[in-house]
Amino acid sequence: MLPSDSTGGYGWEKFRRDLISGVIVGLIAIPLGMAFAIASGVKPEYGLYTTVAAGILISLLGGSRFQIGGPTGAFIPVLLAIVLEHGYERLLTAGFLAGIILVIMGLLRAGTFIAYIPKAVTVGFTAGIAVIIFTGQIGNFLGLEGMKRHEFFVHNIGEVLRHLSTASFESICVASICLAVMLVLPRVAPKIPPALAGIAAATAASMLLFEGRTATIASVYGEIPSSLPALALPDLSWETIVTMLPSALLIAALGSIESLLSAVVADGMSGTRHNSNRELAGQGIANIVAPLFGGIPATGAIARTAANIRTGAASRMSGVIHGVVVLLVLVLLAPQASQIPLAAMAPVLMVVAWNMSERRAFKELLVKRSPESVVLVATFLLTVFINLIAGVGCGIALVLLYRLREAIRRRGAGRSPAAAFADLVPLSRRRGRG
């Protein structure tokens, strides 16, 4: 494998490849950034600010040559819970603190240890997050009115059931058009970003057929500003830091796992080798800077990283270009983006949830009927019905208990409890999801 920064000389041909990849991935990132922000309980432009600021810095400073960073689906349940409990301003503080924690983790070379998170745990919480994202978009897909956002899955499903009678024919049509384009387009024109094309088609249909009868970004959140906000520090008072530190630790833990998993996927696709500790430090710096522009927490995005490699990226410059493309669209096309119907965002996130759901890995682990299956189901159910902390915490605790029991059983063969940790499968030996 080549080191992540082995460029072998940079010239016009590599820049041309980076330019093409950067433009394509930037166009992919625009609808995703807005959709992830809305699903996280904040305004859509904050997702674009994150894509620009964090995306550029992650590409420049991270440990993977092809990593594309920005807001991701994995963060949605965590960020939404923080916003509902503490508000957007304190979310910025949590993101800032998480960035500092990630930098410290990188300096302490914690990337090596994070690689040993058990597969059953990662698959379980990823599948749980996918369920939360998918079901969380049912209301927008159907155009339900009077919906309130809740932290817990059961309460959100209850909201959907209580408001089914308010379903909008116009919203269902708009969402269905977007979904149809996203499902069909990859088969007939695979080079066109399906999410962008789906949203464009749905927006056109909404304006031509249902003008004024579907909720849009502008009607719900106001017009998207056509520039980045002025630099501003988040609230760093001692009281706020103490309050938000647990949330920051969760963001840092999840972000480190997602970024390193994405880097492993990039290694497998490109034949390079990432530096896990540099990756954590780069992610940390990006998350320190993003809140200064109003951005939400960011991490490595597996699907966008894979698209970056598939479209021929040659270096880190493709990730920088992707951020610049998003900035140019923000500056030049903000009024047009403000007219996107919210119903068109729902299928984008539903498809993201479906793609990240780890269906095959989940089924493989489940049919084993082994301790791994128990860990998988416990992590999945607790992530869905309680929260990510409960799911991951219980999953890791169960793994340690099973390994300890196994070590005790084999004590006669000279096996110690500490040796049981060797059975954990590192991320670097697994195939990632993309």
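**Salt bridges and their labels**

Guide: The structure holds five salt bridges. This is a predicted model, where local features need pLDDT of at least 70, side-chain atom pairs count only at pLDDT 80 or more, and totals for chains, interfaces and linings use all residues. Residues are numbered from 1 along each chain as its sequence is written, and side-chain values use heavy atoms, with hydrogens and water left out.

Visitor: What makes Glu159 and Arg162 a salt bridge?

Guide: Their closest N and O atoms are 3.0 Å apart. The term asks for a side-chain nitrogen of Lys or Arg within 4 Å of a carboxyl oxygen of Asp or Glu, so the pair qualifies. Both residues sit in helix α8 (residues 153-162), three residues apart, about one turn of the helix.

Visitor: Why is Glu159 called buried?

Guide: Its relative accessible area is 6%. Buried means under 20%, exposed over 50%, and partly exposed in between (1.4 Å probe, protein chains only), so Glu159 is buried.

Visitor: And why does Arg162 count as exposed?

Guide: Arg162 has a relative accessible area of 56%, so it is exposed.

Visitor: How do you know that Arg213 and Glu170 meet in a salt bridge?

Guide: The N to O distance is 3.5 Å, so this pair passes too. It links distant parts of the chain, 43 residues apart: Arg213 is in the loop between α10 (194-209) and α11 (217-221), Glu170 in helix α9 (residues 169-188).

Visitor: Why is Arg213 called partly exposed?

Guide: Its relative accessibility is 48%, so it falls in the in-between class. Glu170, at 17%, counts as buried.

Conventions. Helix = DSSP H or I, 4+ residues; strand = E, 2+ residues; numbered from the N terminus.
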